[in-house]
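Please look over the model displayed here before reading on. The report is meant for someone who meets this structure for the first time.

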Amino acid sequence: MTDPKDTDLNTVSVPDELKPVFLKAQDYVRNYFSDVQSDPEKGVIKYSGERYILVRASAMSKDLFDMMALMYNDWGKEEARDLSFNSLFDIAHSIGKADAKSFFLKMDVTDPIEKLSAGPVHFAYAGWASVKIHPLSNPRPDDHYYLIYDHPYSFEAQAWMDKGEKTDFPVCVMNAGYSSGWCEESFGIPLVTAEVECRAKGDRHCRFIMAPPSKIKDHIARYSKRAYIKYEHYNKIDIPEFFKRKRLEDALRSRKDQLEELVLKRTDNLIKANKELEEANIAMKVVLKQMEQKEQADKENFLTNIKHSVLPYKKRQPDYIPFDRQTFLQVSEFDTHGN
Ligand SMILES: [Zn+2]
């Protein structure tokens, strides 16, 4: 077998018009990965001075899924899949974005297509999969962005097939996350990726569609009609969405803020009502005090009046003996003398 010429684009397959820019990227990435330093005594692997880590492919795919399925056995297979796939998508999406940023700086590129070009080549050299971009693709930095591509030799599909298991769902979620992260960083627009066909479930290829979140379902629907994918099958196509979760988190955070605001408002109202009650209580005490003082004053007035109007009569009491009392005295006197 002869070494491919420098002019052969052999790590990625792209439409003819994109070949020159991808060839340039391939040269750069090939040189980058040819400068390798492996130092197990220190536990260090470096390419062109940049440190890398090796991870066993199945540990990030089939084995992780099995472990999650076991751990969340009571949640059911679907939940375990969602949990492990969503985590893997987010991790891969973030790695894709970070790797892209790092390469843009190294390669000193600013054009979106030039930025995109190193992604698939880096993907191939890092052992994730090779990339085949289809001619129907239309990568551009706006709402009309559309990328349809295959990942032959996907490490994820391979991990499932090696275990002899056929799935009923696409499994190449890290592939989808990484490429959408890289392209998002290249074009400066939010992008999502759906794997519409997957070798792990018996399809001929691992095929992906990448588009802005608002357009992805229409693209999938159009593709499904062309590819004669059955409706029930089409419904099982995952759209791993960084944004969906972000939107849900934002909605939750916003609802939490609203609730906190409501609690603050109600607490304010309660404090206000409490203050009003305290003020009413103080006012009531003042009124009661005034009433008590008035009652006391009335009592004193009454006694003074009594004193002034009754006492003069009381002083004249010896001259005044009611008739019945006089009669009684006379009778008593008669009885005492025995007459
Ligand atoms: Zn796949």
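This is a predicted model: local features need pLDDT of at least 70, side-chain atom pairs count only at pLDDT 80 or more; totals for chains, interfaces and linings use all residues.

**The chain as a whole**

The secondary structure of the chain comes to 10 helices and 8 strands. Of the 339 residues in the chain, 27% are buried.

Strand β2, which covers residues 36–39, and strand β3, which covers residues 44–47, run antiparallel and are joined by 4 bridges. Within this pair, S38 of the chain stands opposite I45 in β3, while D39 has V44 in β3 as its bridge partner. The two strands form a hairpin with 4 residues between them, and in this hairpin G43 takes a positive phi near 70°.

**The sheet of five strands**

A further open sheet has 5 strands, in the order β1-β5-β6-β8-β7, and its pairing is mixed. The edge strands here are β1, at residues 12–13, and β7, at residues 192–197, each of which pairs on one side only. Strand β6 (residues 147–150) pairs with strand β8 (residues 207–211) in the antiparallel sense, over 4 bridges, and in this pair I148 has I209 in β8 as its bridge partner. Helix α7, made of residues 216–226, packs on the sheet, where this helix touches β7 and β8, and the direction of α7 makes about 145° with that of β8.

**How the helices pack**

Two packed helices are described by the angle between their axes and the distance between the axes. The table gives these values for two pairs of helices.

| Helix pair | Angle | Axis distance |
|---|---|---|
| α3 (residues 77–107) and α6 (residues 173–187) | about 35° | 7 Å |
| α2 (residues 62–71) and α3 | roughly 130° | within 9 Å |

With an angle of roughly 130° between their axes, α2 is therefore oblique to α3. The crossing in which α2 passes α3 is right-handed. On the side of α2 the contact is made by L64, F65, M68 and A69, and on the side of α3 by K77, A80, R81, L83 and S84. By class, the residues of this contact of α2 with α3 divide into 6 nonpolar, 1 polar and 2 charged.

The crossing of α3 and α6 is right-handed. The contact of α3 with α6 has 11 nonpolar, 8 polar and 6 charged residues.

Helix α5, which covers residues 155–162, has E156, A157, Q158, A159 and W160 as buried residues. What do the buried residues of α5 pack against? They pack against α2 and α6. Helix α5 is followed by G164, and the phi of G164 is positive, near 70°.

Most residues other than glycine have a negative phi. Against that background, two residues of this chain may be looked at in turn.

S48 is not a glycine, although this residue has a positive phi of about 50°. Where is S48 found? S48 lies in the loop between β3 and β4. Is S48 buried or partly exposed? S48 counts as partly exposed because 13 C-beta neighbours lie inside 10 Å, and a residue is called buried if 20 or more other C-beta atoms lie within 10 Å of its own.

Y153, likewise not a glycine, has a positive phi of about 65°. The place of Y153 is in the loop between β6 and α5. With 15 other C-beta atoms within 10 Å, Y153 is therefore partly exposed.

Methods:
Residues are numbered from 1 along each chain as its sequence is written. Two strands pair if DSSP finds at least two bridges between them. Axes are lines fitted to C-alpha atoms, for helices over the stretch in contact, and angles run from 0 to 180 degrees between N-to-C directions. A crossing is left-handed if the near helix is turned anticlockwise from the far one by less than a right angle, and right-handed if clockwise. Ala, Val, Leu, Ile, Met, Phe, Trp, Tyr, Cys and Pro count as nonpolar, Asp, Glu, Lys and Arg as charged, and the others, Gly among them, as polar. Angles under 35 degrees count as roughly parallel, over 145 as roughly antiparallel, 65 to 115 as roughly perpendicular and the rest as oblique. Two residues are in contact if their C-beta atoms, placed from the backbone, lie within 7 Å. A residue is buried if 20 or more other C-beta atoms lie within 10 Å of its own, exposed if 12 or fewer, and partly exposed in between; C-beta atoms are placed from the backbone.
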